[in-house]
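Open the model in your viewer and keep the sequence panel beside it. The tour below moves from one selection to the next.

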Amino acid sequence: MIELPVSPPSYMNESTAPVITGEYKNRKTGLVIFGILTLLGGLCCALIIPLMFFAQAMATKTGGAQPSPLGIVPVIGIYGGLAVVGIWLGIGSILARRWARAILLITSWFTLIIGIVMIIFMVFFFPHLMEQINSSVMLSTGKPSNLNPQMMWIIMGVMVVLLGFFFVVLPAAWVFFYRSRHVKATCEARNPAISWTDRCPLPVLAVSLMTGFSVISMLCMVFATHPLIPFFGIFLIGLKARIIYLLCAILFGYLAWAVYRLDLTGWWLMLLVFCLFTLAKVITYARNDPMEIYRLMGLPTQSLAQIQMMNLFGKGWFLSITLIWLVPVLGYLIYVKRFFGVAETKQP
């Protein structure tokens, strides 16, 4: 029989987990393999940053417009953050750290859900895109489009396959591996000390981490070339938008910490903030012309004309994207409420 460490409840403060007797399969080799693959993914994200600088330099040399330095900051922040996280988690998995398994399981689930939504949306949206392209060509030239429908469907099929592989198959493999009790037991046996990820139930930790990631994205928007935020019927731009994003980053940082600590007040505040953000977006998108959104985002005139001609990404697009996440996110927040308040309960 092999000793199987079992994590204590999240509200306990022991430095090591109690041990019970049980059997498990050693998954150290799998942790190394998946850790190396995760690390390589982080390195690929890091390589994108110099490639962006190279593309920017080439565009300038070929007579293109000089891009604003602020325009590349959000992208650098996103890929730089993904690079750091990927390398950090890859090393953690190789070393069989408990925190690495927990975070990789959460991020894999999140990526898998996003990937499934993306593919479903693409399958439903692509026929509409083809219709709009054909209609715009007919209006502008008076002749049917020369696009080959079969070729367009082949292109969509290739895109679905690629998205399915990188955003569904790979994340599903990560989920399948890291959710295994044998992987969990292996990490706990090789890293018996209680980790910070053990002090919070995994479903709640997911909310805390996603809220923390939102802080990074909001800080990136502070440095965006054309910051834009929907605010109860109007769009805030420029300095006002930067200030709001900065304040939201501070607020979400507090929420991430409060949720992690299982603070019931933090849960209620999280619920209130989510509802207010959703309401602000719905009111703004319902009252404004989508073309105004694109204009405030700083899209070139030619791109604005093409979007308007093809009638793409209209008012229904923004409203549907906002509302499509309302039910699952709200339902998940209500689901995790059961874990809050337990931090106040102490075992003898």
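What follows is a list of stops, each with something to select and what is there.

**Before you start**

This is a predicted model: local features need pLDDT of at least 70, side-chain atom pairs count only at pLDDT 80 or more, and totals for chains, interfaces and linings use all residues. Residues are numbered from 1 along each chain as its sequence is written, and side-chain values use heavy atoms, with hydrogens and water left out.

**Stop 1: the whole chain**

Select the protein chain. Its secondary structure comes to 12 helices and four strands. Both are DSSP runs numbered from the N terminus: helices are H or I with at least four residues, strands are E with at least two. Of the 348 residues, 38% are buried. Buried means under 20% relative accessible area, exposed means over 50%, and partly exposed is in between (1.4 Å probe, protein chains only). Now consider contacts, meaning heavy atoms within 4.5 Å. Among those with a separation of 6 or more, 75% join residues 24 or more positions apart.

**Stop 2: colour by confidence**

Colour by pLDDT, the predictor's confidence in each residue, from 0 to 100. The protein chain averages 82, and 77% of the residues score at least 70. Where is confidence lowest, and where is it highest? Strand S1 (residues 2-5) is lowest, at a mean of 46, while helix H7 (residues 238-260) is highest, at 95. Select residues 1-7: pLDDT stays under 50 there, and the model has 29 contacts beyond four places in sequence for this stretch. Then select residues 343-348. Here too the pLDDT is below 50, and the stretch has eight contacts beyond near neighbours in sequence.

**Stop 3: H8 against H12**

Two packed helices are described by the angle between their axes and the distance between the axes. Select helix H8 (residues 264-287) and helix H12 (residues 326-336). Their axes come within 11 Å and cross at roughly 170 degrees. Axes are lines fitted to C-alpha atoms, for helices over the stretch in contact, and angles run from 0 to 180 degrees between N-to-C directions. H8 and H12 are therefore roughly antiparallel to each other. The cut-offs are under 35 degrees for roughly parallel, over 145 for roughly antiparallel, 65 to 115 for roughly perpendicular, and oblique for the rest.

Show side chains. On H8, pick Trp267, Met270, Leu271, Phe274, Cys275 and Thr278; they meet Leu326, Val329, Leu330, Leu333, Ile334 and Val336 in H12. By class, this contact has 11 nonpolar, one polar and no charged residues. Ala, Val, Leu, Ile, Met, Phe, Trp, Tyr, Cys and Pro count as nonpolar, Asp, Glu, Lys and Arg as charged, and the others, Gly among them, as polar.

**Stop 4: Val204**

Go to Val204 in helix H6. Is this residue buried or exposed? Val204 counts as buried, at 0% relative accessibility. Not counting residues up to four places away in sequence, Val204 touches Val259, Leu262, Val336, Phe339 and Phe340. Draw a C-alpha distance from Val204 to Phe340: it is 8.7 Å, across 136 residues in sequence.

**Stop 5: two positive phi angles**

Most residues other than glycine have a negative phi, and most peptide bonds are trans. Select Ala96, in the loop between helix H2 (69-94) and helix H3 (98-141). Its phi is near 60 degrees, a positive value. Ala96 is buried, with a relative accessible area of 0%. Next, select Phe232, in the loop between strand S3 (228-231) and strand S4 (234-237). Phi of Phe232 is near 50 degrees, again positive. Phe232 is partly exposed, at 35% relative accessibility.

**Stop 6**

Select Ser108 in helix H3. Ser108 is buried at 6%. Leaving aside neighbours within four places in sequence, Ser108 is in contact with Pro171, Trp174 and Val175.

Move to His226, in the loop between helix H6 (202-222) and S3. His226 is partly exposed, at 42%. Its contacts, leaving aside neighbours within four places in sequence, are Leu296, Met297 and Gly298.

**Last stop: cysteines**

How many disulfides are there? The count comes to zero, a disulfide being a pair of cysteine sulfur atoms within 2.5 Å. Select Cys200, which is buried at 3%. Cys248 is buried too, at 10%.
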